[in-house]
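Welcome, and please have a look at the model shown here.

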Amino acid sequence: MNIHEYQGKQLFRSAGVKVQDGVHCKSVKEALAAYDSLGSKVVAVKSQIHAGGRGKGNLYCPTSGDLLMEGGVKIAFSRDEVETYAENILGHILVTKQTGPAGKLVSNLYVEAGCEIAHEYYLALLVDREAKAVLIMASTEGGMDIEEVAENTPEAIHKIWVDPQADLLESQKRKLGMALGLSGAALKDFLGMIGSLYDLFVSNDCSMVEINPLVRTKSDEMVALDAKVSFDENASFRHTDWGELRDLSEEEPTETRAKEAGLSYVKLDGDIGCLVNGAGLAMASMDVIKLYGGEPANFLDIGGGANKESITTAFGIILEDPNVEGILVNIFGGIIRCDMVARSIIDASREVGLSVPLVVRFSGTNHVEGRTVLEESSLEVTTVSTLAEGAEAIVAALEGAKA
Ligand code: ADP
Ligand code: MG
């Protein structure tokens with residue numbers, strides 16, 4: 001789960017990581033009031049979307065498609081400029097390298113006190129699964145072109161791995177600070193800052209915190225000028241506050257709907273829709289489909305608590321994808337009963353108007369009853385008893401349809 005820069009900076013502020021004063025705004029009027037309240041002649045007017053590269057992005061009118069302004073992060077030197085920039089940003093489409101050509105509608109703005117930058121650095125904390133550690137990366141080559149630095153001069157990115165049981169060591173902090181060539185007040189600031197950031201990362205169950213740029217100011221302070229924070233959703237049960245940080249308009253609507261119905265859905269590029277219970281079984285189903293020469297259109301785990309409603313939602317979501325030309329249902333009945341799933345499939349197919357070949361494999365609790373329910377119904381469905389047969393049948397059905 002991602003949050004906006006202004007929310008990330010609020011977390012930084014509470015954790016003692018230095019940020020500029022700033023105000024979250026939703027209208028031009030609020031942006032002007034923010035400018036008046038900040039008491040800084042120079043301010044940054046920053047589009048808030050869940051994607052990076054805003055500085056080098058372009059703003060377009062959603063109706064005419066006309067280019068309104070270059071740059072989704074603007075430095076304003078007067079109240080009038082704040083007004084112009086806020087007008088060009090709010091309610092318009094920002095296209096950056098990370099949004100794709102469709103861009104994102106900007107409904108949130110952050111007006112922040114301007115900062116006198118002496119140098120821009122890059123700093124990021126993320127989970128390195130292979131090393132079972134938190135990886136902290138830093139570079140003197142921060143700013144808007146960090147991807148190119150990583151590509152062309154990877155040696156300019158310094159890394160330390162923090163053993164979660166040992167915590168972040170003083171020697172590691174120092175090593176990173178020295179690698180950035182920091183000294184004096186800036187080094188002291190940096191050492192305190194990465195300690196606070198590491199604590200913030202762990203206590204908030206983050207999967208990533210990226211600060212690009214982290215800047216050294218002309219008065220030798222270290223300030224986080226950007227903030228990209230992502231949480232690990234597996235820990236959502238212990239963070240009741242995440243609900244209000246969530247901006248659903250920034251998330252994939254299908255995935256949100258799936259989540260609300262208790263389903264885990266990830267869209268893929270193939271043409272065989274999959275409806276499976278259990279993440280492991282869903283992965284295995286995708287593998288076996290590929291083994292038989294097919295391409296899965298999605299990962300979908302209906303979970304252990306599936307019922308008629310969630311199965312109908314699942315069918316609907318699968319069929320909304322225009323690439324889907326067939327569906328494989330693979331259910332291992334444990335707590336979930338195959339006959340209940342069979343009845344739900346029949347109802348759901350009627351409701352959503354199933355028009356593509358359907359192959360169903362049941363195993364476990366009430367699988368015989370489940371198959372009978374399907375076979376006795378008027379639904380056009382192929383029932384099989386193993387996953388291999390299921391994959392083979394759905395791939396063959398698609399080939400038959402294409403021939
Ligand atoms: P993005 O990474 O999406 O392009 P940033 O927040 O990094 O957005 O802003 C882009 C650039 O704008 C930064 O690299 C920095 O040079 C400048 N900038 C951002 N905020 C401020 C600020 N408060 N004061 C001065 N310059 C800023
Ligand atoms: Mg940035």
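## A cis proline and a positive phi

Where is the place of Pro213? Pro213 lies in strand 12 (strands are DSSP E runs of at least two residues and helices are H or I runs of at least four, numbered from the N terminus). The peptide bond that joins Asn212 and Pro213 is cis, with omega about 10°.

Asp205 sits in the loop between helix 6 (184–203) and strand 12. Its phi is near 50°, a positive value in a residue other than glycine.

## How to read this model

This is a predicted model, in which local features need pLDDT of at least 70 and side-chain atom pairs count only at pLDDT 80 or more, while totals for chains, interfaces and linings use all residues. Residues are numbered from 1 along each chain as its sequence is written, chains are lettered from A and ligands numbered from 1 in the order written, and side-chain values use heavy atoms, leaving out hydrogens and water.

## The shell around ligand 1

Ligand 1 is surrounded by 19 residues (each with a heavy atom within 4 Å of it), and the closest are Lys46, Arg54, Gly55, Glu112 and Glu120. Several strands each supply at least two shell residues, among them strand 2 (43–48), strand 8 (108–113) and strand 12 (206–217). Domain 1 (21–113) and domain 2 (117–238) each give at least three residues to the shell, with bounds from an automatic or database domain assignment.

## Polar contacts

Now for the polar contacts (pairs of N or O atoms within 3.5 Å). An oxygen atom of ligand 1 is 2.7 Å from a side-chain N or O atom of Lys46. Backbone polar atoms take part too: one of Gly53 is 3.3 Å from a ligand oxygen, and one of Ala113 is 3.2 Å from a ligand nitrogen.

Key:
Polar contact = N/O pair within 3.5 Å; in protein donor to acceptor, adjacent residues only side chain to side chain.
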